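Let's walk through a protein structure together, one step at a time. Please keep the picture in view as you read.

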Amino acid sequence: MPASHYLAADEIRTLFSESMSRMYQAEVPQYGQLMQLVARVNADTLAAQPALNRRLQDNDELARLGVERHGAIRVGTAAELHMLRRVFAIMGMHPVGYYDLSEAGVPVHSTAFRPTDEAALQRNPFRIFTSLLRLELIEDQALRARAADILAQRDIFIPQARELVAQAEQQGGLTEEQARQFVAAMLETFRWHRHATVDLATYQALQDAHRLIADVVCFRGPHINHLTPRTLDIDTVQRKMPTHGINPKAVIEGPPRRRCPILLRQTSFTALEESIMFAGEQPGTHTARFGEIEQRGMALTPKGRALYDELLNQSRQAPTQADNAGHQQQLADIFRAFPDDEASLREQGLGYFRYQLTEAGRRQAGRGTAATGELEALIRDGLVEATPITYEDFLPVSAAGIFQSNLGGASHSAYAQNANQAAFEQALGCPVTDEFGLYARLQDDSARQVLQALGT
Ligand code: OOG
Ligand code: NI
């Protein structure tokens, strides 16, 4: 069948993202309330800030805002991760970045499956933060073997999911009907299961080793543990959550509020205690699922990221602030060392930008007379404009903060220096893409295009 008869990967991703969101709203009604709050705050923000509205429109980001979200799952074995890579590839989602969370006391390492090209990101940037449990970090050998044994007995994919993945790979796509079947089959993998696969004693032993281990090992599948809409004003949503019956975590993770937002700011509501049933019909509870919001800013270059990491470290060494207001004030003070106007961010090579011709630039290009000069000169002459490229990835320290706040406050000391990207990639079956390379290419392509159009 010709490729044109297959549904585009972008469309399958949108079907999947919408189905996941519907399922999670039914499973965790607070997520639906949070989505409504975010939609209202976004509408108010756009009405109050016409410049922001225009910029999002110019960057083709306004349309995606309403559908934009990320989710997170945690898997137990290399084979599960490997299969997920094949599943997500069908939806145009590829592994980008490597995150070592062991440093922060969480025994996993992770990647984000997400679209990588510009057009796909504009259509629907749905991302899934995917973590692989590191059983080798369980100290008790008998318990480690028991966990491995339990995981070896489960298949998180229903047979139809495996068949459709194989079929998609063989024929190079899925028809619309097959795509709908595929999405429905995948929902089975990410659905919540009220019945644990183990008895209470086993659950307790794994829980005592680390709460996250129990969450990954004791269920039939990697239930989606949160979905995250994108807000344009995270401070307002954080403040309003309690009046909407939602209990936010103490502080917003990431950089402070700025004139030129950078990277990613995140906050969540704490995980719900849910009734479950252990083997032998023993009732109990499990706490894993929550809701999160994010506000996205500009992607930073390696130089900008190094400065961010340095300032964030400074703030982590400063005295802990009791509440979010104090924390934000302290962050803002420390981040004064990070330039907060676009020209400086650009000229100092701290952030990534997309270059476009202005109206005057397009006229000049149309006349066919070559303009001269470097990009900065063309910007000063009003022929070219630069807009920040949005950060599409995650932050390990923030991610650790989100994990921690949902592990019932039980903190765990760091596992000694333990990054192992090679092992992660071997499980995955391919290397992860370097996120900096993606942003640099976007920036460079846009620069080349305007320079070419202006004949320089
Ligand atoms: C993932 C936590 C990380 C984020 O947005 O940084 C994350 C998890 O709890 O499984 O989702
Ligand atoms: Ni998240």
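**Starting from one residue**

Leaving aside its neighbours within four places in sequence, Ile-213 is in contact with Pro-107, Leu-133, Ile-138, Ala-147 and Leu-206. Two residues are in contact here if their C-beta atoms, placed from the backbone, lie within 7 Å.

Before going on, a word about the model and its labels. This is a predicted model, in which local features need pLDDT of at least 70 and side-chain atom pairs count only at pLDDT 80 or more, while totals for chains, interfaces and linings use all residues. Residues are numbered from 1 along each chain as its sequence is written, and chains are lettered from A and ligands numbered from 1 in the order in which they are written.

Now back to Ile-213. Together with Ile-90, Ile-213 has the most contacts inside the largest nonpolar core, which has 107 residues. A nonpolar core is a set of buried Ala, Val, Leu, Ile, Met, Phe, Trp, Tyr and Cys residues joined through C-beta atoms within 7 Å. A residue is buried if 20 or more other C-beta atoms lie within 10 Å of its own, exposed if 12 or fewer, and partly exposed in between, with C-beta atoms placed from the backbone. Helix α5 (residues 78-90) gives this core its largest share, 6 residues. Domain 1 (3-298 + 392-419) and domain 2 (300-338) both contribute residues to this core, so it lies between them.

Pro-107, one of the contacts of Ile-213, deserves a look of its own. Find Pro-107 in the loop between β2 (94-100) and β3 (108-114). Helices (H or I, at least four residues) and strands (E, at least two) are DSSP runs, numbered from the N terminus. Pro-107 is buried, with 22 other C-beta atoms within 10 Å. Beyond four places in sequence, Pro-107 touches residues including Ser-102, Leu-137, His-210 and Tyr-415. Pro-107 and Ser-131 are 24 residues apart in sequence, and their C-alpha atoms are 9.4 Å apart in space.

Ser-131 takes us to the ligand. Which residues surround ligand 1? They are Ala-72, Arg-74, Phe-129, Ser-131, Asn-225, Gln-266, Glu-292, Phe-394, Ser-398, Ala-399, Ile-402 and Phe-403; each such residue has its C-beta atom, placed from the backbone, within 6 Å of the molecule. The elements that give two or more residues to this shell are β1 (69-75), β4 (127-133) and α18 (396-405), and the largest share, 4 residues, comes from α18. By class, the shell divides into 6 nonpolar, 4 polar and 2 charged residues. Here Ala, Val, Leu, Ile, Met, Phe, Trp, Tyr, Cys and Pro count as nonpolar, Asp, Glu, Lys and Arg as charged, and the others, Gly among them, as polar.

Next, step back to the domains, whose bounds come from an automatic or database domain assignment. The centres of domain 1 and domain 2, taken over C-alpha atoms, are 26 Å apart. Where the domains meet, 11 residues of domain 1 are in contact with 10 residues of domain 2. On the domain 1 side, the touching residues are 9 nonpolar, 1 polar and 1 charged.

What about the chain as a whole? Its secondary structure comes to 20 helices and 11 strands. The radius of gyration, taken over C-alpha atoms, is 23 Å, close to the 23 Å that the globule rule (2.2 Å times the number of residues to the power 0.38) gives for 456 residues, so the chain is as compact as a globular protein of that length. Of the 456 residues, 42% count as buried. Among contacts with a separation of 6 or more, 75% join residues 24 or more positions apart.

Helix α1 (residues 9-27) holds Met-23, which is partly exposed, with 16 other C-beta atoms within 10 Å. Met-23 touches Leu-187 and Arg-191, not counting residues up to four places away in sequence. Arg-22 also has its place in helix α1, but Arg-22 is exposed, with 12 other C-beta atoms within 10 Å.

Finally, look at a backbone detail. Most residues other than glycine have a negative phi. Leu-263 has a positive phi of about 50° although it is not a glycine. Leu-263 sits in the loop between α12 (234-240) and β6 (264-269) and is buried, with 24 other C-beta atoms within 10 Å. Asp-60 has a positive phi too, of about 55°. Asp-60 is in the loop between α3 (50-58) and α4 (62-65), and with 13 C-beta neighbours inside 10 Å it counts as partly exposed.
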